[in-house]
Amino acid sequence: QVFTFNKVEIRVQPSLKVKNGAPMSIICHADISKNTDFQLKHNFTIFKDGKLVFMTVSDKEDARYEIPVAKSADTGDYECTVQADGKKGFSNSIYVWVAGMTKPILTADKKEVSEGEVVKLRCELPEEVPPLEFFFRKIKTNSAPKEKRVPEKNQNFSQVEFPVEEGDNILQFDCFGKRQVKSGWESSQYSNSTLVTVKEPFIKPTLITRPSSSNVTEGDQIEFECSTEVAQMRGIEIIFQKNRTILNSVRDEKSLKYSTVATQEDSGEYLCKVEQGAVSKTTKLNVFVSELFPKPTLSASMTKLDENKDLILSCSINGFRRANFSIVRKSSTGDILLKNSRVLAIKVNVNDTGSYTCKAEVKGIVKESKRVRINVYAPVSKPTLSVVSGSPEVVLGKPLQLICHSAMGTPPITFTFYKGDEIKKNVTNDTYATFLDEDIGLNDNGGYKCDARNNHSSGVKTSNILNVTVIVPIRDASLGSVPYGEVEVGSDTAFLCSVKEGSWPIDFKFFKKTDHEVLLHEVREYSDRTIWHKKTMKRKDTGTYYCMASNRASMDVRSRPITISVILAAWQKGVIAAFVLTAMAGAGAIALWWFLRKKKKGNEWFPSLCLGTNVSALASNLTNEKLTRQPSDGNYYSGSGYIEDDENHMKSTDESKGPDLESAEVDYTEVEVSSLDPHR
């Protein structure tokens, strides 16, 4: 018994798209080949979206999964497997769409509510499987429906609350659901409609005026009345307001009154609002107040004038003369009454500068004119021009800042700066102005001035001319000396410090370098150079020198250093040489005498030994004398007067031995030598 799976397939009847509520069959078919005709048991398994939904065992090659009433929850991917005698076959996957959703069921917790309460609704899709989306609608007459969307991921029902608002009377509610399929979103039909009736806790308020809102004139006494009818007085509140300003309010009463003397500012929209709990109802009323008389006009004979001039202020109303007039001056602390009259005439001073208005009063209605600005000017004083830093000078290449100041004069004051005859800057300020000149040249040594003027009729005042000195900074300081390099002890030295350029006076300083800088001399010169004479140079004056130059540019310029060596004078060297030669001659004579004496005694006692010893000692002493040099003030000198001729010296020493030493025979004898007397 041999068999094999040719194919396993799955199909749906009547089609892949089935209407909701219709019957549906899922068929799994196994195509098997056998070598003989024998019975074979087949295990059929059908899956939906990967979950087992049907299983059966049959000797037939087909298995049917019957769904008598298809629902939207049956939508999904189906596949099947067939197992027989240890072998297994798999089908492809097919997508079955059960079109249409079941009708949702809507319930409300109340059939009758009051304004300010809420209605709780519950919408259910009993045969649907989440995730789902629910849509609730609130429908009232002559108004667009209000809709709320609620997604549900884990249940097939949803709940929502709708507030009952002012004006709601008979409300109708319904709902529908949606689910997502491969082709998009699928919607259910609308649920049953639920009706809810609404009760009013109080009626909409009424707002009236006396006189009528269309017949109010400035000065009239106008009265507002706001009222309502309530089912329950407790918690009721009436609020009366204009725009956003609350004018009056009452609690636990059915009406409210408010009165005032009408002005044009009282024109506008008024609002009466009645509130109880969460319920609020309003009524609006527009009021127009007719003008009793127009605003007065204040006129001035002049608005800009010199001090001690005459000023006339007059107040008038176009086409209306019967009014009480007053002229006032405005200030930060309040209005200052000047005169209860239509006309005010005064002789002004600077303190009268300010804003003025006039007021007119008719039947208790007071109106004020627009402000008129009066400016009284005192003449400017002659300005002073100075350098901000204080000193009338500037370093070449540096900016120069000037200030022009007028001690007196009513601002604003216009200042004009001049450099020579050229206008450089115009500045309008209160009492002073500044000017920065960044283009300073070597020849800019004067010619600055400034003008000052204001609105006074006296005209322009000009400052004195300011001369500014341009300071040229020091450049390239150098130091020299006479003599240069080496100076004899006791002589004088002249140090010359000079600069290539720089404004006078110049401060020169001379320094010597040691472990720290030592100031030796300083002087101020109206010149580009200076000479410092240093008297009587000493050996300790040997060292490195430099100079430093500065002027009012406040920049120190340092020269390159020079080195001075103080050496012995020629006569000092001669004295030392003479002294040394004399000493050497005496020493040589003593040595010769001692040598000859020893020679004579040596021939008698131990000629051979003494001769050898003394000759060696003398040669050694002479050699040592030749190599010895005594230092003196940094120079070296020889130790004897004839050290300069070493060969002649050595030659004369050898010749002094005499002919006896050359020809004499020497006998060697053992002798006993006693210790010599060191004093000999």
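The following dialogue examines a predicted model through questions and answers.

This is a predicted model in which local features need pLDDT of at least 70 and side-chain atom pairs count only at pLDDT 80 or more, while totals for chains, interfaces and linings use all residues. Residues are numbered from 1 along each chain as its sequence is written, and side-chain values use heavy atoms, with hydrogens and water left out.

Student: How many helices and strands does the protein have?
Tutor: Helices (H or I, at least four residues) and strands (E, at least two) are DSSP runs, numbered from the N terminus. By this definition, the protein has four helices and 56 strands.

Student: What percentage of the 680 residues in the protein is buried?
Tutor: A residue is buried when its relative accessible area is under 20%, exposed when over 50%, and partly exposed in between (1.4 Å probe, protein chains only). Among the 680 residues, the buried share is 37%.

Student: Which residues touch the most other members of the largest nonpolar core?
Tutor: A nonpolar core is a set of buried Ala, Val, Leu, Ile, Met, Phe, Trp, Tyr and Cys residues joined through side-chain atoms within 4.5 Å. The largest one holds 27 residues. Strands that each supply at least two residues of this core include β1 (3-13), β3 (24-34) and β7 (76-84). The members touching the most others are F5, M24, I26, I46 and Y78.

Student: Which residues does F5 touch, not counting those up to four places away in sequence?
Tutor: Contact means heavy atoms within 4.5 Å. With residues up to four places away in sequence not counted, F5 touches A30, D31, I32, V82, A84, K87, K88 and G89.

Student: Which residue in β6 is the bridge partner of I26?
Tutor: β3 and β6 run antiparallel and are joined by six bridges. In β6, the partner of I26 is Y65.

Student: Is D49 buried or partly exposed?
Tutor: D49 lies in the loop between β4 and β5 (51-58). Apart from residues up to four places away in sequence, D49 touches T75, G76 and D77. Because its relative accessibility is 43%, D49 counts as partly exposed.

Student: Which residue of β15 stands opposite V118?
Tutor: Another open sheet of three strands has the order β10-β12-β15, with antiparallel pairing. Its edge strands are β10 (105-108) and β15 (157-163). Strand β12 (residues 118-124) pairs with β15 over seven bridges. Opposite V118 stands P163.

Student: How many residues lie between β49 and β50 in their hairpin?
Tutor: Strand β49 (residues 506-513) and strand β50 (residues 517-525) run antiparallel and are joined by eight bridges. F508 stands opposite V523 in β50. In the hairpin formed by β49 and β50, the number of residues between them is three.

Student: What percentage of residues 575-596 is helix?
Tutor: An unreviewed UniProt entry lists residues 575-596 under "transmembrane region"; such annotations may be inferred rather than shown by experiment. The end C-alpha atoms of this span lie 32 Å apart.

Terms used:
Two strands pair if DSSP finds at least two bridges between them.
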